[in-house]
Amino acid sequence: MTAAWVRRQKAMTANLVSCVVSCYVAVALCSWGLAQANKETVQAWLTAYEKERQEIQQAGEERFARSWLQLADSYAQRARDAWQAGRWAEAELAILRARWILPSLPREWAGGVRRVFGSTKLRHGPAITALAYSPDGKYFATAGGDLTVRVWDASNGREVRSFVCDFRPSALAFAHTQPWLAVGGHSAVVRVWNVQNGQERWAEGLKIATGMGGKSLVLALAFAPHDRMLAVATSAQRVQVWQVDNTTRIFDLAGFNGPVHCVAYSGDGEYLAAGSSDGLVRVFQADKGALWRAFRANTGAIFALAFFPDKNRIAVAGQDSFVRVFDINRSQELTRLRASNSGTSALAASRDGQLLAAGAMLPETAIRIWRVADSSLVRTFRGHQHTIQGLAFDNSGRMLISAGQDGQIRLWELSTAQSSTDLVGHEGYVWTVAVHPDGRRIASGGADATVRIWTGQASEPLQVWKVHTAAVTAVAWSHDGKLLASASGDRTIRLLDAQSGQEKGRLEGHQGTVTCLAFHPNGKWLASGGADRKLVLWDISSGKPIRVLERYGSVVTGVAFVSGGNLLASSGGDQLVRVWHVPNLEEHRVLPGHRQTVTALAGTEQGDIIASADGEGQIFIWQLADTPRRYSLTGHTGPVSALAFSWDGKMLASAGADRIVRVWDRLSGTEVAQFVGHKDWVASVAFFPDNRRIVSCGVDRTLKIWELAGQEIVTNYGHLRGIRAVAVTPDGRRLLSGSLDTTIRVWDLASAEELATLTEHQDEITALACDASGKVFASADRSGTVRIWELPPPEAKNVLPRVRSTFQIRRNSVYLLAFTPDASQVALWLVTGADDKTLAVYDVKTGKALRTFPAHDRSVAVTCLSFSQDARFAAVGGQNGVVRLWDLQTGALLKTFSPFGTMVADLTFTHDNRWLVVANQQGQLQVRDYQADKAVYSWKAGARPLLGLAVDSQDKTVATWHEGGEIFVWELATGKQVASFRLAGLVTSLAFVGANQLVVGTANGTLYLLGW
């Protein structure tokens, strides 16, 4: 977009913008009555941070990624500075973030842990079934599908304690005055633990009366405010009330026409409310156990209810689309809030009763927060990938905790505060801004013909570079951060050294103002557009054009690389978005829809998403596919001149003539934040790499840095869900991990730094494998998509792996991969819902199946499978205890044997293809010479059920992992134990690094490097 275009439109919209800004300022500065920060509270939190930071130093900082520690330290320093200046609210928010971001040691710290990849905070594991927040605000607890209840410190997210159940827990409740946590679930026994000392209050628990058929599930629990009674809701269509002091059942409340899903006491303990599958809320007099009120509150089952502090109002939700608030004295509906068409599974009211939160079930999984006084929707949070199972406000009302069946625990910031850091120095309009990939520097350009470099901490520029003779209209950093490109009305593009500002190259060829720039991900090319109606792709090393479109048809207002740099999007005055193949600039697609000049453009480089905006304020989000899809974002009241995606592609920032910077959730299309403060037209916006801050600039000659409030407090580091696959490059320098969160992450093994997050897969990652050279790796997901990647050399910093080829295997998930030595073919284990017995060999380049054949007998379920190192052989273990050995080149069945006579738990080839190591679930290991068809020796490994095994690359040791997080390492030749470890979590994958280190993936998404 040209500076002249902004000046023309600016005058037309000035009066309208003034009115709009006034309205939005009133909204942005509203208060929800949040508790006020004070000097003493912030000082206590600063002291707590220092103590926690010292613990990390004593344990060894090298175990954690340095960038992760630096992020926490930066927030802590910001808190100290704000505290010194008397800005208590700002200091409180900063130290809150610092404590939650600071890495922590696992609760059961294994002595051999050398690196931690990802976070140990808020990582539970399989599906979370319940969440509870302690009334004193010290703890919150989660229950999971791993049969474990975990208790967390509510001030910093550290795990305090865990309790292992002998049943699947699905209901939790904290006592009000005692340190008790009640746990119920798929059992007729309710357990009560002391969260401070870990002791169980009653050895045998509370034995709940069973219903018809002798089975009863506990669906909900609630302590009365005085803690003398515990209400237990069951699937047996009743609520039992127990006297806590003497474990006596005092009431058995029946009459429900279906399972009772939720119970709650009023704040004074006078009433006990229960909601069931019949859609009725029943309110009992708590001290008498007598039914007082019953009213229909839902058209389907009721899954959640919450009392307000005044005890006469209750919120109810369930299978239909609404959350309803009732006056229980009159059994009258007061408010109806539209929540989710998929139904509501969780509710929470803030302690002061001003806010109400609701969590949705699949497929929506959103969290909505309303202001109760006027029924206005004030927040919509998205991030969970499955049904929300629990919600809880903290005592101050500043945070909301959520947990879901996706196994994720999330912490959301509810602040409405809005503040900015102003950067002042330009002597004219500021037209463009960009953030360095390290997040520490900002580049800006303006009408004063200067490029200015800012640190973001000081209000004055760090450097001022006078490199142009006319206004600077665009700036862009290269992906490795070494170059800064600047464009100008002087018709040139300058390539500047990022540190010194020294000119490293000059690109000349435009015959008018250069309006837009974008670096290609490979760092070798640069795209530019201009007022001369030219679109140019430049070779940076030579300074010459690779391709020039001389007659674009209009002024080029935006350029953006998408799809990993394979495509270039452009926009212009012809009201169209055009997509070109790179590097030839052959037209791939034209996207019509705008009715005025397209004034701004942005793209997600690793995805296929484009955002475009026009002079009417219309924003379109385009998803490129065989049939492109688009949806619109509405809210701006004038032309939009700036667009920018967050670095993770989940958010979009927009700004323009109405002076408001808006932030959108890309997936839902909802506005999640807006920033008011610019006094004139906003010309450019950019996200910081942490996705928490935005910088904007404009005609008022300022740059402003904004904090994203109302978002997740914890910056998620590493995988959010369980690890399914790990692979180590042959040189032992990098780690690949694939997760249920659909991402692949590349890690530096020496520093625990995350090098790349790959989001091309759309389903859970099920398999990873590196080729023998370490230059290529393959990935597969549950939908049957296989991708072949080119892995850049370790010294190529900030260069992402590139997809070399992709092929789809219909109706199959891929559970295991292996390359042939020349990486031309890949062996696969294919699984469908009905058949897990297919072996296949595919051509890597073409994606064509070369051979497929059944791995086992039709009637036998396959329990494990292993490919030899050269992908020549496949060994398949069955539930019937039989192992089959296949030649993958010919499809011939070579051997069949039964090593134990019981189910085979896992098996693996040694790297020299000499032996096959086989194990059963009872931990019996057998080393077998499969060519001679005889057992060499065997031994017993561990007492707990065995889950898997792996052999090191030198065939000296074998590792076994078991239930309970136990890992053992054995000498392969003797069966002698070499090392043992125990992690607090289910081990899901394991790989050797050399002969004396292991990488371990867990069900909670954290990876560890163990050594001995």
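Four strands make up an open sheet in the order S22-S23-S24-S25, and their pairing is antiparallel. Helices (H or I, at least four residues) and strands (E, at least two) are DSSP runs, numbered from the N terminus. Two strands count as paired if DSSP finds at least two bridges between them. Strand S22 (344-349) and strand S25 (376-381) are the edges; each has a single partner strand, so one side of each lacks a neighbour in the sheet. From one strand to the next, the twist averages 20°. Axes here are lines fitted to C-alpha atoms, for helices over the stretch in contact, and angles run from 0 to 180 degrees between N-to-C directions. S22 and strand S23 (residues 355-360) run antiparallel, joined by five bridges. Ala-346 has Gly-359 in S23 as its bridge partner.

This is a predicted model, in which local features need pLDDT of at least 70 and side-chain atom pairs count only at pLDDT 80 or more, while totals for chains, interfaces and linings use all residues. Residues are numbered from 1 along each chain as its sequence is written, and side-chain values use heavy atoms, with hydrogens and water left out.

Strand S43 (residues 567-572) and S44 run antiparallel, with five bridges between them. The bridge partner of Leu-567 is His-581 in S44. S43 and S44 form a hairpin with four residues between them. Gln-575 sits in that turn with a positive phi of about 70°. S44 also pairs with S45, again antiparallel and over five bridges. Here His-581 has Glu-586 in S45 as its bridge partner. S44 and S45 form a hairpin too, with four residues between them, and Leu-585 in the turn has a positive phi of about 55°.

How many of the five residues of S44 are buried? Four of them are, and the strand is mostly covered. Buried means under 20% relative accessible area, exposed over 50%, and partly exposed in between (1.4 Å probe, protein chains only).

**Backbone exceptions**

Most residues other than glycine have a negative phi, and most peptide bonds are trans.

| Site | Feature | Value |
|---|---|---|
| Leu-362 to Pro-363 | cis peptide bond | omega about 5° |
| Val-582 to Pro-583 | cis peptide bond | omega near 10° |
| Ala-752 | positive phi | near 65° |
| Asp-933 | positive phi | about 55° |

Pro-363 is in the loop between S23 and strand S24 (367-371). Pro-583 lies in the loop between strand S44 (577-581) and strand S45 (586-591). Ala-752 lies between strand S59 (744-748) and strand S60 (754-758), also in a loop. Asp-933 is in the loop between strand S75 (924-929) and strand S76 (934-940). Ala-752 is buried, at a relative accessible area of 0%. Asp-933 counts as partly exposed, at 33% relative accessibility.

**Helix H3 and the cores**

Helix H3 (residues 66-84) has 19 residues. At 1.5 Å a residue it should span 27 Å, and its end C-alpha atoms are 27 Å apart, which agrees. The expected span is 1.5 Å times one less than the number of residues. Among the buried residues of H3 are Trp-68, Leu-71, Tyr-75, Arg-78 and Trp-83. Their cover includes helix H2 (39-59), helix H4 (88-101), strand S55 (693-698) and strand S56 (702-707). Gly-86 follows H3, with a positive phi near 80°.

A nonpolar core is a set of buried Ala, Val, Leu, Ile, Met, Phe, Trp, Tyr and Cys residues joined through side-chain atoms within 4.5 Å. The largest one has 52 residues. Leu-735, Ile-967, Leu-998, Val-999 and Leu-1010 have the most contacts inside it. H3 gives the largest share of this core, nine residues. Another core, of 19 residues, lies apart from it and includes Val-776, Ile-809, Val-814 and Ala-823.

Contact means heavy atoms within 4.5 Å. Not counting residues up to four places away in sequence, Leu-735 touches residues including Phe-117, Trp-747, Val-999 and Leu-1007.

**Ser-739**

Ser-739 lies in strand S58 (residues 734-739). Is Ser-739 buried or exposed? Ser-739 is buried, with a relative accessible area of 0%. Its side chain reaches the backbone oxygen of Arg-721 at 3.1 Å. The side chain of Ser-739 also reaches the backbone oxygen of Gly-722, at 3.0 Å.

Methods:
A polar contact is a pair of N or O atoms within 3.5 Å; within protein, one must be able to donate a hydrogen and the other to accept it, and residues adjacent in sequence count only if both atoms are side-chain atoms.
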